[in-house]
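Look at the structure first, then read on.

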Amino acid sequence: MSTIPRLVIAAPASGSGKTTVATGLMAAFTEAGLSVSAHKVGPDYIDPGYHALATGRPGRNLDAYLCGPGQIAPLFLHGSAGADLAVVEGVMGLYDGASGLGELSSTAQVAKLLRAPVVLVVDASAQSRSVAALVHGFASWDPEVRLAGVILNKVGSDRHEELLRAALDEAGVPVLGALRRAPQVRTPSRHLGLIPVAERQADALESVRAQAAQIREGCDLKALLALAHSAPELPGTAWDPALAVAQGAAAVPGRPVVAVAGGAAFTFSYAEHPELLRAAGAEVAVFDPLRDERLPAGTQALVIGGGFPEMYAAELSANEPLRRAVVDLAASGAPVVAECAGLLYLSRTLDGEPMCGVLPADARMSGRLTLGYREAVALADNSLAVAGTRVRGHEFHRTVLEPGAGASPAWGMTHPARRVEGHVQGGVHASYLHVHWAAEPSLARRLAARAADRPPLEAHCG
């Protein structure tokens, strides 16, 4: 049983300000001396970067579609171990879940699984007394969701705040904060959401500090902390990467080096992935393809996750020594696992700029957003999975790869549409599909084991 104090920060809809409020709360409580554990509902990679900046701890995801409802509490307990407080930022509107699957993966479902009180962030800019009807509807829709208070965002004036508070007082819902419009707390966005922290570190830090100051001025932190402490005990056992990946077997021998791409172009990664690789026996070595001209010493496998290579295509292309090292590593048969941005980096070209050329495919930006949960099956044995392995994943990109599937595809998509996708050739597994390895720890173990079978070729390091 765990008694970690916890809050879920939700909203009626996207764009209400829950990321600003959640991040500001994390930063304000951290500045007050608390150790704050930060969590994000859903598959989002970008918000957790701001959460990590606010708290000094890894930002973590809680996704009931990708990992299953039964993993939510264990992953939460793992991530919040040793913390004084946990703040969970919701996704979309409170009751919005995976399309066509009811409450699955919604903020409401996660709040219920965590037995956590919910604070609703309401954009009050275009309403007054109607706010009470809105909040009443959200509070009464599902009696198992404990909507315990409201933070009013974009309040126009003192008089506006008085009207809003009076209406909510009639509805019996506590107002735990009222925030004025504040341009300095805004975070710039582009085609896939907020600009990641890694691309604007100094400015992002200033934004987080401004968010914390706004929260301190406009919210009742004492009442919010008391609400967090009112959460009941949470039964269950914390997720353990060592137990998850063991599957009755010892860690792979030799501490094989798995190089993991990072830096501004490759920012999308779940915190549990390197934990699983280390638990499987691997040494994780992070490098930056924008800066480093060689792979980490002793590299035996390579992971290139998601991110924004389209924003840095020219710079990635200009780093010819690293591109050659990646080609040599792939040609040796070493395991190379690429997701989304990594897929683009391994292609011949991205928007006309030469990339690694490992895959016989070309990538370009498009005007179409591909977004949604997927179910898939591995069609053949590869560096990541054995044939027949079934996974749930997520696609999120505005690029097109031609051809999208190679002679040996990475995945056979089974839902929502049947198609093949991705490329498997030699030790390379490259796909648009983002998969959360905590749901299928065998992926991390298989990658580590394949790495252990490869010699640490120093030639790949420049």
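Pro 403 lies in the loop between strand 17 (390-402) and strand 18 (411-415). Helices (H or I, at least four residues) and strands (E, at least two) are DSSP runs, numbered from the N terminus. This is a predicted model, where local features need pLDDT of at least 70, side-chain atom pairs count only at pLDDT 80 or more, and totals for chains, interfaces and linings use all residues. Residues are numbered from 1 along each chain as its sequence is written, and side-chain values use heavy atoms, with hydrogens and water left out.

**Cis peptide bonds**

Which type of peptide bond runs from Glu 402 to Pro 403? The bond is cis, with omega near -5 degrees. A cis bond also joins His 415 and Pro 416, with omega about 5 degrees. Pro 416 sits in the loop between strand 18 and strand 19 (419-421).

**Positive phi**

Most residues other than glycine have a negative phi, and most peptide bonds are trans. Arg 255 is not a glycine, yet its phi is positive. Asp 351 also has a positive phi and is a residue other than glycine.

| Residue | Phi | Loop |
|---|---|---|
| Arg 255 | about 50 degrees | between helix 10 (241-246) and strand 10 (257-261) |

Arg 255 is partly exposed, at 44% relative accessible area. Asp 351 is partly exposed too, at 39%. Buried means under 20% relative accessible area, exposed means over 50%, and partly exposed is in between (1.4 Å probe, protein chains only).
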